[in-house]
Amino acid sequence: MSDFLNVKQLSKQYGTGPMIISGMDHHFRKGTATGLIGVNGSGKTTFLRLLSVTAFPTGGTITWRGQPIYDAPHNFLQHIGIVTDAADLPGYLSANELMEWTLRARKKWNDSESPGRMDELFKQLHFDERRENLIGTYSSGMLQKTMLACSLITQPEIILLDEPFRALDETSKKASLELLNEYKSNGGTILVSSHLRRSLAKLCDDYITFPVKDGS
Amino acid sequence: MKPTKPLTYRTIPRRHTSLARKVTALVPGVVLLSALVWLSHDLALDDRIVLFRYLAMAFAACMAFITPHLLFPDNDKTLILQLNPSPRRLLLHHLVKLRALWLFGLAAAAVIAFGDSTTPAQQFPEKTRLFATSTMALTAIILYALYRFVTIGERSQQWSEGKAGRRLFQALDSVGKSTPVDAGMFPTFMSTIMVTFVGMMSVVVAASIPQVHLATLPFVLFLGYSGFRLRRETGRFDRLYYQSDAFYDELFTNPVTGAKESRDPATYEAIYWVPPRWRAAVWTQIIQLDRKRPMGRIIALLSLTYWLLIWLGTPESWHAGWLVFWILSKNMLAWPVAGPSLSPPVFHWWMMPPGDWMIVRFFLQTRWTLALILTVAAAALFSAAVSWQSVMIWAGADVIVSAASAWLITRNNEFAFKKQYA
């Protein structure tokens, strides 16, 4: 087993409530897409929160390249892109400005190349000239495209997507799937939760069915 | 594509704040500073030093209570994850969040030290030394509070999941008592006590040193200790930040503990004193607030402290000051009930007009007015320091503050929503 991204005996409960996830073991391979499926409240979002270091496990751990991700979140998050289902982004910036900020913050901004790459990415996502408008005026679909674009532009090794297609129209959904498949074929690893099984089928190589209790 | 102009890069995201919100935040500060100017304008230097000690003690108590609420859960988390700032920048992010309170403390200290209308130029070096000492004390308190609350995540999660504190809960169970809040809050309570205690003790120790030059030493040591502890945590500040934020996020905004409630919630019938038109709404607001905060115990603590101050024979201005604190605390503690997680604007808009919600909040705020009346009346019964007339004065003040508070929080939630979409 390689040490790319491993989940070992992972468990999570909220307070003294029931275990949401227990005894979970999984190895994620580089360059694959894994669909997280299951009924509402089965632990898919909790698992993505654990992977994005916004929740901490009750037991077990997640390691990336042999290191527990919770020991140095900043180092781990350098290689991660995150698309949440409830984006809370600064309303008085445009998508362009947010993307530039993301690149500069992660020290990946290049004066000659970055504007062109941003432009290309937006075109692929069918994000029209309204990307110059303030984020506060965006629809939920435009917000999701903004999040997806900001995540992909940093060229992460892993991308975590929580219901990324929910608010997208058919054209945007198709464009997003094409982009994600291209990202995967270039070696990117995708973990995606969605209820849209048909969309997942066009992307995923593997599935994890939630709830995961006692490893099953 | 239109070339984007380079942004001034700051890791700390800034949200746009409307002028109305800025004014709302500034008004209490300006009122408090004005009161301080009025109190201190003709004081002698020794009295100014005493006033500074009160300020430092109040500041310690305030920081002990308010720090976790200011820092966690972080409203900017989506953006923080996107930008992925370094541990050092996350520390700066937290320091910036506390900056407004620090500046307010310094402004208050400056008023105490230099706000002398009778002899402004006299004893200037002594006044400057007092200001420098105040700056050190207030900075030390803020840094210590930040250190305590940012390092709390791991322990809090263990308490919350029942991995820590088993003996305490077994002891409570054996005497038939249950805890009023999530067990994960115990480390927060301990930190609240520690910040208050250490902050106040530094003032007490400084006050007990007769040599003026050496009286600054406790604050120098306190500041050095707090700075040293925070400095030591800088390297792993990202882990501390994400773990504490995760804990408070689960506690404050995702109360899905699944644990059984330790007390039965208030019933609809118990809200008989509210007219039927608003009763259901007041009832749901009350049970939500009670699940978030042990309001009854807080009110009892505020009243007991008031009686203690009277029993100790403290000056009447202290009694009045504490009752002002009583009323403001009671009102401000209910403010989270108007936040979007407890009062989703769309749902509220659908339920009834914003004006009605203002009345609902007024009833929510005044449900403790009777407790205030009984508190002051009991004091009037046993102490000559409190007059019967004051009972009605304080009740009236509470009703006015409750109305103002109801207007303010409804304006920021339901009325703001109406203005945006209607």
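This tour goes from the whole chain to its strands.

Residues are numbered from 1 along each chain as its sequence is written, and chains are lettered from A and ligands numbered from 1 in the order in which they are written. This is a predicted model, in which local features need pLDDT of at least 70, side-chain atom pairs count only at pLDDT 80 or more, and totals for chains, interfaces and linings use all residues.

**The whole chain.** Select chain A: it holds seven helices and nine strands, which are DSSP runs numbered from the N terminus (helices are H or I, at least four residues; strands are E, at least two). The C-alpha trace spans about 50 × 35 × 35 Å along its principal axes. Of the 216 residues, 46% count as buried, that is, with 20 or more other C-beta atoms, placed from the backbone, within 10 Å of their own.

**The open sheet.** Next, pick out four strands of chain A in the order 2-1-4-5, which form an open sheet with antiparallel pairing (strands pair if DSSP finds at least two bridges between them). Its edges are strand 2 (19–28) and strand 5 (67–68), each pairing on one side only. Now highlight strand 1 (residues 5–13) and strand 4 (residues 59–64), joined by five antiparallel bridges. Here V7(A) stands opposite I62(A).

**Strand 6.** Move on to residues 80–83 of chain A and show the side chains. Which way do they point? I80(A) and I82(A) point one way, G81(A) and V83(A) the other way, and all are buried. Finish at V83(A), where L161(A) of strand 7 stands opposite.

Note on methods. A residue is buried if 20 or more other C-beta atoms lie within 10 Å of its own, exposed if 12 or fewer, and partly exposed in between; C-beta atoms are placed from the backbone.
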